[in-house]
Amino acid sequence: MTKGTNNTRRVMLAVTDASSLQALWRVAMESLTSDRGELIAVFVRDDRWRRAASLSFTQEISRASGGSMKFTLRRAEEVDRDALAHTQGRLQKLAADSQIEFAFEILAENEAMRIHEFVRSESDLLIAPSFFKRRPFYGELARLKCRILLVDASNVTTESEDLWIKG
Amino acid sequence: MTGVVEQTRIQPVPVSELRKVCPPLSIEPDPGEMAPPMSTYLGQERAINAIRFGIQMEHDGYNVFVLGPLGSARHGLVEKLAKEPARIKGAPDDWCYINNFSDPERPRALRLPAGEGSRFRDNMQALIEEIRIAIPAAFESDDYGNQLKTLVAETQKELDGLWSSLQEQAASEGIALLQTPTGYVLAPVRDDEVIDDKEFEKLPEEKRKEIQDSIRRLSEELKARIETIPKLHKNHHERVRTLDREVTAHAVSVLLEDLKQKCQGLTAVLDYLEEVERDIIENGQEFRRTEQPSLPFLSFDSTALLTKYEVNLIVSNESDAAAPIIYEPNPSYPNLIGKIEHRAEMGALLTDFRMVRSGALLQANGGYLILDAHRVLGRPFVWEALKQAILTKQVCIESPAETLGFASTTTLKPEPIPLDLKILLIGERWLYYLLCVYEKEFNSLFKVAADFDDDVERSTDNVEAYARLIAERVRESKLLPLGAAAIARVIEQRARHADDSERLSVHMRSLDDLLEQADYWARSRGADQVAIEDITEAIQQRDNRQDRIQKKVVDAIKRETLLIDTTGECVGQVNGLSVTDLGEYRFGHPVRITATTRVGKGDVVDIEREVKLGGAIHSKGVMILSAALAARYAPDVPLSLHGTVVFEQSYGGVEGDSASVGELCALLSSISGVPIRQNLAITGSVNQLGRVQAVGGINEKIEGFFAVCKVRGLDGSHAVIIPRDNVKHLMLKEAVVEAVQNKMFNVYAVQTVDEAATALTGMTAGERDKDGDFPADTLNRLVEDKLIQFACKRQSFSEGASDDKGHK
């Protein structure tokens, strides 16, 4: 399905660690009704951790214990790596469950406009979490020549459902 | 020789008394006619009454010890006698082991009416199968899913509330709440973007302080809210658990209701079902676990948990059946008491209530248990365990190691089961008497002794009954029928087996053996009926199979390796007769007894005893000789004799006193110098007054001497002298009887030593006259004179010795 040609419709799935992949994936699968569809997952790195870590007084408060420790740049990079690995792993599982292949790209927030490079035609589609609208780079995305579909894939609190309650 | 014995006026035993012949018996029962129920147990009235008494006595300790020889059909009789009481008693209750939910290591025993056990077990198995499906189905239902979602949503809402209010508060103060994989970070924002250190440094000092204060305060608030999360989780889990209980309870109660209806009236079962219901509801979650194991062999089957509701039916009876009559041929500890099995799992031995197995005691509970005493006593721990069970009236199924306190691992301790049964222990007599003497509790545990008789009187009625018994055994064993003469021949053999022409052996195994072997020989010749020659052939062939040693002895005598004279005369030498018992076969043969005499102190030395080859009874017989000699010949003078008697060429033990009359005659011959005829053999014991008494194995002894004489050539001079009291025991082989009929062999019966000595020496023994003297030219006179001579010689020696002493 991802072995696209120039005529193949492309679906780009913009994800972050803070987004609900299930919801985004579901919309992507619904959009890929054509056999000629091609899926590209674009992981948008969250730059906020690095910024927060640059501040000398920033603390990370443990969810399990409530204890706090200094949030360093090294820790921010570690969180970033974990987030990337975590997101990639979940995408791979979803793809395996859906029996589909996908391409995986990584962009920093300040490189978000590079998504232009993946767009081939106006029939292409960018699926992104709705909270992207609140991010500074959204202005760049809005100028894409393809359709943009924002999905209510709630961020922190929605994700916390999995983390806090084991059901 | 015949003339000599006749001269002594000792009459031979009439031919008719050598073998009490049975006239042909025609017992032809109607094919449809059933034999009397106890016909097989002819002559066992005492044992039958004892067994009946023991079986019917309800009080403690009235267990029965059936004592009698092997092969006397004790097992069959016991089973037969127990059948009717068992039918009247009816089937006893069923017993199950069930899980003890509060202490699984102590399985509980559950009592159910007969036949209900298997029904209950099957119903519980069906229930488990239903639960296996119903519980997961209940948890997979939309109803449950929706209710769970609602609970999750409610909890989520509470969590969201905690979070969103804090987030809103932070946002209002220009602070973002970021989430890392393990926690939260509070960072200042401007235009929805987290500001970095460079931007932060550009802020006025006051603003920077304000931000830091806000973050500090929000951090504290965040920590406080995080601390409430575990409680939220706990509440959520409790609510989910309550929901699960409700769902499980609904699913299970419907299923259990049917079963409870079926078990109305069975209080214990209903109580147990209540426990089952509570346990399933408490553990409903467990039955739907679908976790993938970390390793394939650790796979977890949640439905395996349901096995704890299974029922281990250890005693099952049909409701309309009789009380059980169990014979346990191998009463090992596990077979008698029961056992707890284990299964190996991941290198460990595991067990549970389902692996408790019952033994014969429980299988026979409420009925009758038949055991072989020697097997019970021969297997480790069994006798003690059996006693314990009888005394405590309950069975505790545990390993012997556990009983003895040697077990080091945790195992089960099943609840003891009350015991109410009658034990019928079958053993030989010696075992019974040993137990009576050495086992203090034995007599209080086995109060009834059922003593099987060995034989029955050979009355007309009993002979007819015996004939019917033979016919019955033939019918039961599907053997060829016996002709009238053959039946009579069997009757005669049974008298021979009893060692008594006036009694019949009731040893069933030997009877069956004879009938079966006669059947074989009859079929071998293509006959459709067993004839007298088949019986004779069976007896002859059996003897042929077993007479190797007898033949060797006869051969050794024939070749004069064993020295036995059958002609001529000899002083101080007599042919005695002994019997060798090989267990299933015994035979008689002559043995040379010699005696020597000289002056002495009045003692007769038994050489056999001196070399410790003589048994106590034999020694007693020889000691009686001294007394008999003194009483008869030296009432007024000291018995000044030193005599020795010995069994020549005897290299094994000698027991019994059946040679004592022969020994006495050899002594008399030695004292008097009158030779003993070697064509005669003698057997019999003697008392102090010279009375000849009966001995055992009389037929074998006569036949043994006959066999030796026959190989050397019978000429009519050979004879055996036996005690008169033994004549009634004579059931000699036809060959011997025939030889007597043809005047080629003889049997004489004597009552006194005088008669015996007269017969052996050909010289009249003589009786004291009115003056107290024996007549001249009589054996006794010669003996007495010689003993007086010995006394005088001894006195003169004594006086000489005194003179010598005085001289010195």
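The model described here is a predicted one.

Helix H4 of chain B spans residues 74–89 and has 16 residues. From its first C-alpha to its last, H4(B) reaches 22 Å, close to the 22 Å expected at 1.5 Å a residue. The helix has a kink of about 30 degrees at Lys83(B), shortly before the proline Pro85(B). After H4(B) comes Gly90(B), which has a positive phi, near 80 degrees.

## A three-stranded sheet in chain B

Chain B contains an open sheet of three strands in the order E3-E2-E7, with antiparallel pairing. Strand E3 (108–112) and strand E7 (312–315) of chain B stand at the edges; each has a single partner strand, so one side of each is left without a neighbour in the sheet. From one strand to the next, the twist averages 35 degrees.

Strand E2 of chain B, residues 94–98, pairs with E7(B) in the antiparallel sense over three bridges. Within this pairing, Trp95(B) stands opposite Val315(B) in E7(B). H5(B) lies across E2, E3 and E7 of chain B and runs at about 30 degrees to E2(B). Helix H9 of chain B, residues 267–282, packs on the sheet and touches E2 and E3 of chain B. The direction of H9(B) makes about 135 degrees with that of E3(B).

## Two glutamates in helices of chain B

Glu130(B) belongs to helix H5 of chain B, which covers residues 116–140. Glu130(B) counts as partly exposed because it has 17 C-beta neighbours inside 10 Å. In sequence, Glu130(B) and Ala251(B) are 121 residues apart, yet their C-alpha atoms are 9.8 Å apart in space.

Glu158(B) is found in helix H6 of chain B, residues 142–172. With 15 other C-beta atoms within 10 Å, Glu158(B) is also partly exposed.

## Overall features of chain A

Chain A has five helices and seven strands. Along the sequence, they follow the pattern β-α-β-α-β-β-α-β-β-α-β-α. Chain A has 167 residues, of which 32% count as buried. Among the contacts in chain A with a separation of 6 or more, 70% are accounted for by residues 24 or more positions apart.

## Where the two chains meet

In the model, 29 residues of chain A are in contact with 34 residues of chain B. On the side of chain A that touches chain B, the elements giving two or more residues are helix H2 (48–54), strand E3 (59–62), helix H3 (73–98) and helix H5 (156–164) of chain A. By class, this side of chain A has 12 nonpolar, nine polar and eight charged residues.

Strand pairing also links the two chains: E3(A) and strand E5 of chain B, residues 183–190, pair in the antiparallel sense over three bridges. The bridge partner of Ile61(A) in E5(B) is Tyr184(B).

Terms used
Residues numbered from 1 in each chain as written. Chains lettered and ligands numbered in written order. Predicted model: local features only at pLDDT ≥ 70, side-chain atom pairs only at ≥ 80, totals over all residues. Contact = placed C-beta atoms within 7 Å. Helix = DSSP H or I, 4+ residues; strand = E, 2+ residues; numbered from the N terminus. Nonpolar A, V, L, I, M, F, W, Y, C, P; charged D, E, K, R; others polar. Pairing = 2+ DSSP bridges. Expected span 1.5 Å × (residues − 1). Bend = angle between axes of the 7 residues up to and from the residue. Buried ≥ 20, exposed ≤ 12 C-beta atoms within 10 Å, placed from the backbone. Axes fitted to C-alpha atoms, helices over the stretch in contact; angles between N-to-C directions.
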